[in-house]
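Welcome, and thanks for taking a look.

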Amino acid sequence: MTDSTRSGFVTFVGRPNVGKSTLTNALVGEKIAITSEKPQTTRRAIRGILNRPDGQLVIVDTPGIHKPRTLLGERLNDLVDQVLGDVDVIGFCVPATEKVGPGDRRIAASLDGYPRAKKVAIVTKTDAADKDDIVERLMEVDSLREDWAAVIPLSALGDGSMGRDQLNVLADEMLLLMPEGPRLYEDGVVTDESDEDRIAEIIREAALEGVRDELPHSIAVVVDDVEPREDSDIIDVYASIVVERDSQKAIIIGRKGARLRDVGTAARVGIEELLGSRVFLKLHVRVAKEWQRDPKQLGRLGF
């Protein structure tokens, strides 16, 4: 351990679906946060740990800042506010594929409320934009604030100059902005999420695939039991997919249970990879009426 070792906390902010969870996973080098085309996929503060020779970055993946329409939405925004008040660095994300809009300007201005954190601007999804768009976005983002410590374009999915290379540039820049101090987690640790929490997220990611309208926001997952089977290498996993209405339950189950089987098949692959063992997954779908608006139900579901 040298005197120059640095460590600290960073979080990424931006409108929903700007690629914050994808960026978190790319930096950590392992999938610790689920991703989806559906906005507001992330619902908890999920910590991913990036270990480097000269220090450690603890990346706190949070929900996107949005205008809340339910009690759940209010609690997610409160969670983001709490995280922003605690981190050392805030990375403000804007996709290269979309012009900077009122929502981006509002979020950038709101960073005045967190004076202790250093700010970095990040133009994401450069793999999906042409050079002119990237240059335009960089200029737009740079003009939003005068205190950016850096403005960095990157692709969390690509290779080469805008992929891995730029991820390393971002990691180097953020680490330099961190306070000097010892590592906060042991080397090799990539998240402090429990297996049960990660299993629930894997199932929710599979359940989100292909659903539309308001249903994605109505889906929650509770892991009821994880138990190694006696005299076998199989782990039994029992989980409940929670929705708000009977009509949503019918959509999740599908015709003759076909959709629920597909969800189970997709989720089981991710769970087996996580646990390093064969898995028997049993899913149950239940209704908790209007759970996004019910304080008691939110408490039971961990929000």
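The buried residues of helix 9 pack against helix 6 (195-208), strand 8, helix 8 (246-253) and strand 9. Please keep in mind that this is a predicted model. In helix 9, the buried residues are Arg259, Leu260, Val263, Gly264, Ala267 and Ile271. Helix 9 itself covers residues 258-275, which makes 18 residues. From first C-alpha to last, helix 9 reaches 26 Å, close to the 26 Å expected at 1.5 Å a residue. After helix 9 comes Gly276, with a positive phi near 65 degrees.

Now for the rings. The structure holds two aromatic pairs. Phe92 and Trp148 have ring centres 5.6 Å apart and planes at 15 degrees, so this pair is stacked. Phe92 sits in strand 4 (residues 89-95) and Trp148 in strand 6 (residues 148-153), so the pair links distant parts of the chain, 56 residues apart.

Tyr238 and Phe280 form an edge-to-face pair, with 6.3 Å from centre to centre and 70 degrees between the planes. This pair, too, links distant parts of the chain: Tyr238 belongs to strand 8 (residues 234-243) and Phe280 to strand 9 (residues 278-287), 42 residues apart.

Technical notes
Residues numbered from 1 in each chain as written. Predicted model: local features only at pLDDT ≥ 70, side-chain atom pairs only at ≥ 80, totals over all residues. Heavy atoms only, no water. Phe/Tyr/Trp six-rings, centres within 6.5 Å; stacked < 30°, edge-to-face > 60°. Helix = DSSP H or I, 4+ residues; strand = E, 2+ residues; numbered from the N terminus. Expected span 1.5 Å × (residues − 1). Buried < 20%, exposed > 50% of the residue type's maximum accessible area, 1.4 Å probe, protein only. Contact = heavy atoms within 4.5 Å.
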